[in-house]
Structure formats: structure tokens, C-alpha cells
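Colleague: Hi! I have the sequence and the structure open and would like to go through them with you.
Modeller: Happy to, let's start.

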Amino acid sequence: MPALFEKSEKVTEVLNKYQKVGREQLIPILQEVQNEEGYLSKGAVVQIGRHLNLPTSKIYGVATFYNQFRFKPFGKYHIMICRGTACHVKGSQPVLEILEESLAIKAGDTTKDGVFSIEVVACIGACGLAPVVSVNGEFYGNVDQQKINKIIRRYRSEESV
Amino acid sequence: MINVEINGKGHDVEEGGTILEVINEIGISVPTLCHMKELTPTGACRLCVVEVEGISGLVPSCSYPVSDGMKIKTHSGRVIQARKTIVELLLSNHPDDCLYCERSHSCDLNDLAREYGITEKSYPGKERGYPLDVSSLGLIRDPDKCILCGKCVRVCEEVQSVSALEFIGRGSNTIVGCTFNEGLNVSSCISCGQCILVCPTGALREQSHIPQVVDALSNPKKHVVIQHAPSISVTIAEEFGMKAGTDVAGKMTTALRMMGFKRVFDSSFSADLTIIEEGSELVQRIKTGGKLPMFTSCSPGWVKFVEQTYPEYVENLSTCKSPQQMLGAIIKSYYAEKNNINPEDIYSVAIMPCTAKKFEAGRPEMVEKDGTPDIDAVLTTRELAQLIKSYSIKLPELDPEEADLPFGTRSTAGKLFGVTGGVMEAAFRSAHYLVTGKETENLKLEPVRGLKEVKKANVKIGDLELGIAVVSGLGNARQLLEEIKAGRDDIHFIEVMTCPGGCINGGGQPIRADKETIRARMNALYNIDSTGHLRKSHENGAVKELYEEFLGEPLGELSHELLHTHYKKRDVLL
């Protein structure tokens, strides 16, 4: 283990459950580590690599192939925006663009101050309210460009209080 | 044997091969961008598609096994149209800056576009605008020019067992990059440059030192000296359209003088010096119970590999600096003093077959106490050829000149450093003398000759019986290290060259060399050795003089200060 990273106890616990396994168990391990830590940290990937005798480049290659893995923790306010068919037809693309622009991050990323993160999801199951956005599980329907700005402002002001 | 019909003609062919192997065997070629003989086929580029009767889609011949009764069309109208479309699609988001691309004369994509008569952008695609990765001392990555053939990924993993490069992301957002999308400098990349040799476009190239060298040459205050590595004189001819394996040492010296280099030295001289130091170190380790097996340390990619991947074996690396660094240190000390030149005014250039040598020259261990680097700039064979051309010098037409004294004197043993097994052979010739005080009759060490990537032998030097191993390609080195880790103890001395076949196939050598070209380069070095008069490093008069006038004893105090170093564990993202 390079001194660059500390071993994480949570990751060690997960890995202890996967003794004498090979790369075929990589994805289950990644999923479980992400469940525990909320994301895949560099340290975790290095630690998994050591355990499975796999270069980190290979693990990173696999993990970036799937949408489910993230490499930064969620923000304090995790914004999920639906890009399913109904939401798309009702105009979720410009909403996402405004979201990305005003938070200055791309979908899948977390703001530097750790307050916001954006995740694109395929369908939230509330097509009647399209376009739909959810923030930490709270749902907002019929979101248009004005509404999304209002939502962001609200959470920003909560944060500054 | 099975029977297949290819383009209307029946052929009896071996079972078990791919369609591509079979059609190549009977002399038909199809274009490929991602195919690499001996490595895993991936079917990534689809240029090798052929038509097979009974299969509705086109079939990638590189990864499709041939079977009895198959009817194959390799160049039907449908196939040719499909190949053309593939090239057009590859070009759709490829930068149009071919005029300024280093690989415009050796670009597979460019060649294909010409072959298929593509004269315009048929499918205008979005330019990707990825940033250049200039973080490494040896290489530059330009993901915009990458066509995702995956050759670099495979050579890095399957040949070098380094796995610094990998496919990142999915679909149209896929790029080839390093772990965590970070720079090469924090990755496990060893700067060997094998990826450059296989890259079909300009997505991978060396960090050029040409501008610095040109600046130094036009600075009247600078005393610019140059050394050339053993393999350069037998490979650079190819860049000037001459036959592979032509030795142009003399012509190259003439060209370098015409360009304004004050002194032209030969790294084969310091290869001889390395043999004396490294041979003495080996004998000392054996006599005093030092760490064995001892590994050679001339190949900087290998040194970094040990530091990051096998830190527990760092002490097994010879403490000798590489010939490049030894000569660099001697030039800025002994040579400067003798010629009354301020070391700060010397600009020391090395021509190397290697991109990792650029990394080595920049290592903090390679800077002397007063802050002067042993080597100021490193040019690859390709860069030197380009530099010579920029001075409008017609290398093939030049009259040969002799290298400068004293560091132009070399044995042919030093010259052998350019090919796998060469360091071992040179060491054997001199170790015999160092151990027994007598010369060996048998100069040729047959078991370590040739391009085979793993060679092991037992040799007898006087009463001393030594187990030796010679490996090239770090995948092979890793295997040997694993054997040693598991308890293998019959090997005392191991020569490792990072690139398969040694420096003649280094990452800085002319691109597009096939096996035959590499063989011609090797034979050229063997030929120089067999026809030479001075064939043992310890008989090199200039080396002897250096010890008498300056260094004193091998492994002496001054040697330790200038010619040896210590390596240590390195943290990278493995």
C-alpha cells in the first residue's frame, strides 16, 4: 500500500469477506465498498487492487464503464434529475443545462465545497409530474428553468444560515 | 488440415488459426489498425472485416476462427466499402492538423485515408478537445488523436506487465488514459515508449528536447557535447531511407560536428566503464555476501519498475548509474577540469534509443551536489534524425569521421549493450579477467545471444560458477522476479532490458520496425563486435587512463560519488 493512502477499516471489512477470490468478484466488491463509503475513493481502489492483485487502472476502467460507480462523495444536497423519455419530452435537458451551469459541475460530479451533487437518473417513476427533480429524496414536479433556479437558491440559503 | 475457399480458390490450411492468419499465410493482406501478432486479438477497429458465405454480417478476420469449408471474400465491393466507411468514421472526430503532426509521415490512419481515396470529411463529428497529458518526463499523450485501437493498452499490460494505460468510460465518451484519469507522472508508467512504437497515429509521442538543444547550439557561451548510445549508429540509417542494420557511426559523427556539437562522444565508452564498475560490484557482492542476484541498472524503465512494483528488491539493483549518466558525470567533472571549462558552461546531450532516458536524466539522483545535472537533454533516435534533417544535412552522402577522444574510444563489448544479452556478454569477458587475472579465449557467449526474451545459463569463470539470466520485456522480468520470490536461488546475475530485444527495439527508435528490421539491427551490432579489434571493456585504453588520471580504483571513493547511486521505494498509483 503506497503511503499516499491510509487503509480504510470499512474497506478492510468488506475485503475480509472476499478471501481468495479473483477479479470475477471485482464488481460485487466495488458495489459493497460504495455502499459502505458512499463512493469509491482512491485509497479504496488502491486497497481493492492490492487485495485482488489487479492494477488500479483496470479497476478504474471497469468502474467508469458503469454509471452506478462514483469517485466523489455525494454533496450535502444530492440532486437527482430524471432524463427518462417523458421528462425529456417535457424539457428536462435545458433544466439539466441550467443546473450544470449554475453549480459549475457536470452531472455525476460534486461541487468543490461539497454542498451539491448532480446525478442523472433514467426514470423516477413520476412521469405525470415530468420533468422531475429530487433533492435528498424530496420531489419537485413540473420543473422548468425558473423553478430549478428557485430550488437551488432555496438550498443555498439554507446552507448559508 | 482443413479446406477453405478464399476469393474463389481452394486452400488447405492449418486448423485452429484465425481467418487473418490464414489469409496472411497465403499472401493476401487486409488492413488492420488494432491487430498485433502474438497479443490478444480484440476486433476493435473492424478494418480487417471479410465476407464469409452464410454469415449475414461482415466478420472481423483477426478474431474469427477459420473452419472447414469456409468461403471467404477478402476484397469484395461490400468489404471495401465497409472499410472505407470505417476509416471515414474514424476521421470524423479526428483532428485535422496532420500538417503539424509528428506522425504525418508514419500514420496508419493517414495512409488508409489515402489508400481509400478519402479527400474530405464525410461525417463531420464533434472535436473532443481533451487536454494533452504532458506530465511525464518521457512521453506525451494526446487523447484527441487516439482512435481507441487499444494497442498501447495491450502492449503495456501483456508485454510490459505495467498496465499504466486503460480504457476509461464507455461508448463515445471512452478514452485511453491512466488510472483515476490522472497524469502519466503519478501512474505506474515507466516511460519505456513501447506504446509509441505501436500507436497507429500521433496520440503518443516523446517529450521533445529538440528546442532546448537547438537553443544551446546557438548559444556561443555553451560548450555543447553529445554522446550516442550503442544502438543509435545501427538504427538511425533507417530514418534516411537506408537499409536496416546499416552502421553509420562515422557519418553521424560528421553530421553532429556540422551542426555545431563541440565534441562527439560514444556512450559505448561509458558502457565499458559500467562493465568495470558493475563487474567489480558483482565480484564484491559474491565475495562479501552482498545481495544476490544482482540486477543490471542500465535500463531506466526497469529501474523504476523495481522501485514501484518490487521495492523489496531495490537493493539487488546494481548501484552503477547507466552509461548515459556515467558519461554525463565524467564530462562535467574530469573532462571539464582537464579542458579548463566551467561545468556550468557545458551543455551535455545524449542520443538514446529510449524515452525513459529522458525520465532518468531528470531524476534527482542524477544531479550532482552543486546542482548541475549530469545530462542536460536527451534526444531519441527519431528526434536526432529530425534535427539532422532540419539542418538540411544529407546523412547518407557524408564522409565518415572519427569520434572525439578520449570518450570516443570504445570496445565492441560496449557496443553490444544495445542488444539483449549484450551487457551480460560484455560483463562475462571482463569478469573473467577481473576474477582470474587471465583473458578468456571464448569471447562469444552463445547462450545469451539472439532475440529470445528469456535466456538462462550457467557459466564458469575460473573456479566460480555463476547462474546468469538475461530477460527483455518487463512481463518476462516480472515472471523471473516471482520465481526468485518463490525461492529460486541458482541465479547470481540478471541482465534486464525493458524493451523486448533490448535497446535496438527501444521506445525512441524508428517507428514501424518489423521483426526482420530488429534482427538486422541486432546482426549489425554482432557484426561490429566480430570484426572489431578491441573487444573487451577492460582493454579500453581510455577507460584505463580515466582510472589512472582521475578515478583511481573501480568502486573507489570518486567512483562512488560520480558513477554510483542508490534507488529507493517509489510511491505511484499501481
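Colleague: Leaving aside its neighbours within four places in sequence, which residues is A:Val133 in contact with?
Modeller: A:Val133 touches A:Ile79, A:Met80, A:Ile81, A:Val95, A:Glu138, A:Phe139, A:Tyr140, A:Val143 and A:Ile148. Contact here means heavy atoms within 4.5 Å. Before we go on, please keep in mind that this is a predicted model, where local features need pLDDT of at least 70 and side-chain atom pairs count only at pLDDT 80 or more, while totals for chains, interfaces and linings use all residues. Residues are numbered from 1 along each chain as its sequence is written, chains are lettered from A and ligands numbered from 1 in the order in which they are written, and side-chain values use heavy atoms, with hydrogens and water left out.

Colleague: Thanks! Is A:Val133 buried or exposed?
Modeller: A:Val133 counts as buried because its relative accessibility is 1%. The cut-offs are under 20% relative accessible area for buried, over 50% for exposed and partly exposed in between, with a 1.4 Å probe and protein chains only.

Colleague: And where does A:Val133 sit in chain A?
Modeller: In strand β3, residues 133-135. Helices (H or I, at least four residues) and strands (E, at least two) are DSSP runs, numbered from the N terminus. The loop between β2 (116-121) and β3 holds A:Pro131, and the peptide bond joining A:Ala130 to A:Pro131 is cis, with omega about -5°.

Colleague: How many helices and strands does chain A have?
Modeller: Chain A has 7 helices and 4 strands, in the order α-α-α-α-β-α-α-β-β-β-α along the sequence. Its C-alpha atoms fill a box of roughly 55 × 35 × 20 Å along the principal axes. Of its 161 residues, 43% count as buried.

Colleague: Now the interface. How many residues does the contact take from chain A and from chain B?
Modeller: 19 residues from chain A and 20 residues from chain B.

Colleague: What is the area buried between the two chains?
Modeller: About 1,600 Å², with carbon and sulfur atoms giving 56% of it. Buried area is the accessible area (1.4 Å probe) that two parts lose on being put together, summed over both.

Colleague: How many salt bridges does the rule find across that interface?
Modeller: The rule finds 3 between chain A and chain B, a salt bridge being a side-chain nitrogen of Lys or Arg within 4 Å of a carboxyl oxygen of Asp or Glu. One of them pairs B:Glu182 with A:Lys42, the closest N and O atoms being 2.0 Å apart.

Colleague: Changing topic, what is the phi of B:Phe180?
Modeller: Phi of B:Phe180 is near 60°, a positive value in a residue other than glycine. B:Phe180 lies in the loop between β8 (175-177) and α5 (194-198) of chain B, and B:Phe180 is buried, with a relative accessible area of 11%.

Colleague: What about B:Ser392, is that one buried or exposed?
Modeller: B:Ser392 is exposed, with a relative accessible area of 57%. B:Ser392 has a positive phi of about 55° although it is not a glycine, and its place is the loop between α12 and α13 of chain B.
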